[in-house]
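Subject: Structure handover

Hello,

Here is the structure we talked about. Please look through it first; my notes follow below.

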Protein chains: 2
Amino acid sequence: MISPRIRGFLAERKPDEPCLVIDLEKVRGNYDAFRKSMPESAIYYAVKANPHPEVLRVLAAAGSNFDCASVAEIKMGLEAGATADRISFGNTIKKERDIAAAFALGVRLYAVDCREEVEKISRAAPGSKVFCRILTNGEGAEWPLSRKFGCDAEMAPDVLDHAYRLGLVPVGVSFHVGSQQTNADAWGEALSSAASIFREMETRGIRLTLVNLGGGFPTRYLKDVPALKQYGMSIYDAVRRFFGNRIPDTIIEPGRGMVGDAGVIRSEVVLVSKKSQNDKLRWVYLDIGKFGGLAETMDEAIRYSIVTDRDGDEKSPCVIAGPTCDSADVLYEKNPYALPNTLRPGDEVFIEGTGAYTSTYSSVAFNGFEPLRTYVI
Amino acid sequence: MISPRIRGFLAERKPDEPCLVIDLEKVRGNYDAFRKSMPESAIYYAVKANPHPEVLRVLAAAGSNFDCASVAEIKMGLEAGATADRISFGNTIKKERDIAAAFALGVRLYAVDCREEVEKISRAAPGSKVFCRILTNGEGAEWPLSRKFGCDAEMAPDVLDHAYRLGLVPVGVSFHVGSQQTNADAWGEALSSAASIFREMETRGIRLTLVNLGGGFPTRYLKDVPALKQYGMSIYDAVRRFFGNRIPDTIIEPGRGMVGDAGVIRSEVVLVSKKSQNDKLRWVYLDIGKFGGLAETMDEAIRYSIVTDRDGDEKSPCVIAGPTCDSADVLYEKNPYALPNTLRPGDEVFIEGTGAYTSTYSSVAFNGFEPLRTYVI
C-alpha cells in the first residue's frame with residue numbers, strides 16, 4: 001500500500017529519475033509497534049538498512065538505540081542524537097583502527113565471533129563489553145545468511161572466556177535467524193544454544209546477562225507475513241522455556257522490519273519488447289535495476305510488489321530487467337512477473353516495500369546512471 | 001603482474017582505505033595492441049568498463065571511439081575529447097528523452113533490438129543510423145550474457161526494415177559473444193547469422209555495411225587467455241568466410257580487454273578466523289567485497305588473482321569475504337582460494353586485473369563504507 005502522503009509527494013514533485021520516498025510517519029509507527037510487541041527488549045535499529053539522517057533522527061528521538069556496521073554509521077548515529085551508550089558496533093569484522101575510533105567516540109559494546117577479534121578489541125577498546133555471535137541455520141529466511149558471521153556454538157564459551165582473561169566484559173550471545181524471516185518460531189533453536197552457553201559460562205564462573213536476538217523481522221512484500229506480536233510471543237515463550245527464571249536482558253536489531261514498508265521506489269518503464277515474433281514473454285525494462293538499488297533481487301531472492309496505474313487491465317507474465325548494459329541486471333526471469341498488457345514506455349511503476357536495503361546498495365555510477373535518490377517526507 | 005609504477009605509487013601513498021590504481025601507460029599499450037591485432041576494425045571503447053576521465057582522455061587522444069550506455073557516458077566521452085561522430089549510443093534500452101539528449105549532443109549512431117526502440121529513435125533522433133543487436137549463445141564466456149539484449153536473428157530484418165520505413169538509416173548488425181570470452185573462435189556463429197541478415201536485407205533492397213563485433217575480449221585473471229592476435233585472425237577469417245568479397249566495416253567494443261589488466265586494487269586483511277576449533281577452512285575477511293567494487297565475484301564468476309607479500313609461505317584454502325554486515329558479501333566460498341597460512345590482519349592484499357567493472361559497480365555507502373577510490377598514474 002502506497003501511503004497517500006507518498007502518492008501526493010510524487011504527484012507534485014514528478015521526479016525525472018528513479019527515486020525512493022520514505023514516509024517518516026510510517027517509520028515512527030513501526031518503532032512503536034516494535035516497542036509494543038516486544039516491550040522487554042531494547043531496540044537497536046540496524047542502521048545499514050537505511051541510514052538516511054532523517055530516519056535516524058526520528059528513531060533516535062523515539063528512543064531507539066543503533067546497531068552500527070562501521071565507524072561512519074556510528075558517527076551517523078551520534079549525529080542523529082543518540083549517545084554513545086546507545087550504540088553497538090555490531091559488525092564482527094572490524095579493523096583495529098576502526099575499533100579504536102569507535103572507542104574514542106565512546107562506544108563500549110562490540111560484537112565478536114572469534115579469539116582474534118577479541119584480541120583486537122582488548123587492545124583498541126580495553127574494558128569494553130563484548131557479545132559473541134553464534135551461527136544459526138537460517139531456515140525460513142528469504143535472504144538467508146551464509147556462515148559468514150558467527151562461530152559454532154561450541155566455540156563461543158572459549159571466545160567469551162578469552163575476552164574475560166583479556167580484561168573485557170563478556171556480556172552474552174548474539175545470533176541472527178536470517179533476514180526476512182517469515183517463521184515467527186525461528187528463534188527457538190538459537191535461544192536453546194544461547195542458554196547452553198550461559199550455563200557453560202556459569203560453570204566457569206562468568207555470569208552472562210544479554211541475548212542479542214538480532215534482526216530478521218520481515219516486511220510485507222507480495223505475501224503476508226506474521227504479525228510482529230506473534231514474533232514477540234514466540235520469542236518470549238522460547239526465552240522463558242530455555243532460561244527458566246533467570247531471564248536475560250534482550251536486544252533486537254530490526255532493520256527491514258523497521259523501514260522496509262516505509263519506502264516506495266518510483267520508477268519508469270523504459271521499453272517493452274519481445275525477443276522474437278512468437279515470444280510468449282514480454283521484456284519490461286525499468287529505469288532501475290540490480291545496480292541502482294534493487295540488489296536484493298539477486299537470485300530473485302526478494303520479490304517486490306510492483307504497482308502501476310494500469311493494474312486494472314489484463315496481465316501477463318514478463319521478464320523484468322534494469323536499464324544498464326549489464327546482462328546480469330535482470331530482476332525477475334526464472335520466475336516471470338505478471339504486469340498489465342497495456343504497460344508502455346514512460347509509464348510510472350511503484351515498487352513497494354523498498355525502504356530497506358536499497359538506496360545504499362545503489363552503485364556510484366554504473367553505466368553513468370546516478371545513484372538512487374532518497375526523499376523523506 | 002603488478003606494474004612497478006603501481007607498486008611504487010602504493011608504497012609512497014600508503015592509502016588507508018581500499019583503492020584501485022590504474023596505470024595509464026598500460027591502457028595506452030592495450031589500445032595499441034587492439035589497433036595492431038585488429039587493424040581493419042574501428043575501436044569503440046566500452047565506457048562502462050571504466051569511465052575515469054583520465055582513462056577516457058588517454059583513449060580519446062589515441063584515437064578511440066566510444067560505446068556509451070547513457071547520456072552521462074556520452075557527455076564524458078565528449079569531455080574527454082571525442083567528437084560526437086565518434087560516439088555510439090550502444091544501450092538497446094533508452095528513454096526517449098535520453099535519445100533526444102544524445103541527438104542534441106550530435107550522436108547519430110544507435111543500437112536497437114526491437115521495433116519499439118526504432119520508433120523512439122525515429123521520433124527523437126530522426127535520420128540517425130541504427131544497427132540491430134541480435135542474440136548469441138555466449139558459450140565460452142566467463143561472464144555470459146543473458147537474453148537481455150538483442151532479438152532473435154530471424155526478427156532482425158523486420159526491425160531494420162521498420163527503421164528504414166521510419167526514415168532512419170539501417171546500417172547493420174551487432175552482437176556480443178559474452179564478456180571475458182576465452183574462446184577466440186566464438187565470433188563465427190554470430191557472423192554467420194549477421195551475413196544471413198545482410199543477404200536478406202539485400203533482397204529487400206537495403207544494403208547493410210556495418211558489423212559491430214561487440215566486446216568479450218578477455219583480460220588475464222588466473223588462467224592464461226588467448227593472445228589478441230588470435231582473436232583478430234579468427235574473427236577476420238570468419239568475416240571473409242561468411243561475407244566473401246563484400247567485407248563489411250567492422251567495429252569492436254573492448255572494455256575489459258582494454259582496461260582490465262591496467263588496474264590493481266589494494267586491499268587489507270581485516271580478520272582471519274575459523275568458525276569452530278576443527279574448522280578446516282580459514283575465513284579471510286578483506287576491507288573490500290561484493291558491494292565495494294568486486295560485484296563480478298557474483299556466483300564466483302570472475303576469479304581474480306590475489307597477491308600478497310607472503311606468497312612465498314605455505315598456502316591453504318580459505319573462504320574470502322568482504323567487510324560488510326551482509327552475508328551475501330562473500331567472494332569465494334564454493335571454490336575456496338589458497339592464501340598464505342601466515343596471512344594476518346593489516347596485511348596488504350593486491351587484487352590484479354581489476355581495472356574494469358569494479359569502481360563504478362561500487363555501492364554509494366553500503367554499511368557506511370565509502371565507495372572505491374580510483375587513482376590513475
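Chain A splits into domain 1 (90–254) and domain 2 (261–376); these bounds come from an automatic or database domain assignment. The model is predicted: local features need pLDDT of at least 70, side-chain atom pairs count only at pLDDT 80 or more, and totals for chains, interfaces and linings use all residues. Residues are numbered from 1 along each chain as its sequence is written, while chains are lettered from A and ligands numbered from 1 in the order in which they are written.

The C-alpha centres of the two domains of chain A lie 35 Å apart. Seven residues of domain 1 and nine residues of domain 2 make the contact (C-beta atoms, placed from the backbone, within 7 Å). On the domain 1 side, three are nonpolar, two polar and two charged. Here Ala, Val, Leu, Ile, Met, Phe, Trp, Tyr, Cys and Pro count as nonpolar, Asp, Glu, Lys and Arg as charged, and the others, Gly among them, as polar.

Now the two copies. The same surface serves both copies: of the contact residues of chain A, 100% recur in chain B.

Best wishes

Definitions and conventions
Contact = placed C-beta atoms within 7 Å.
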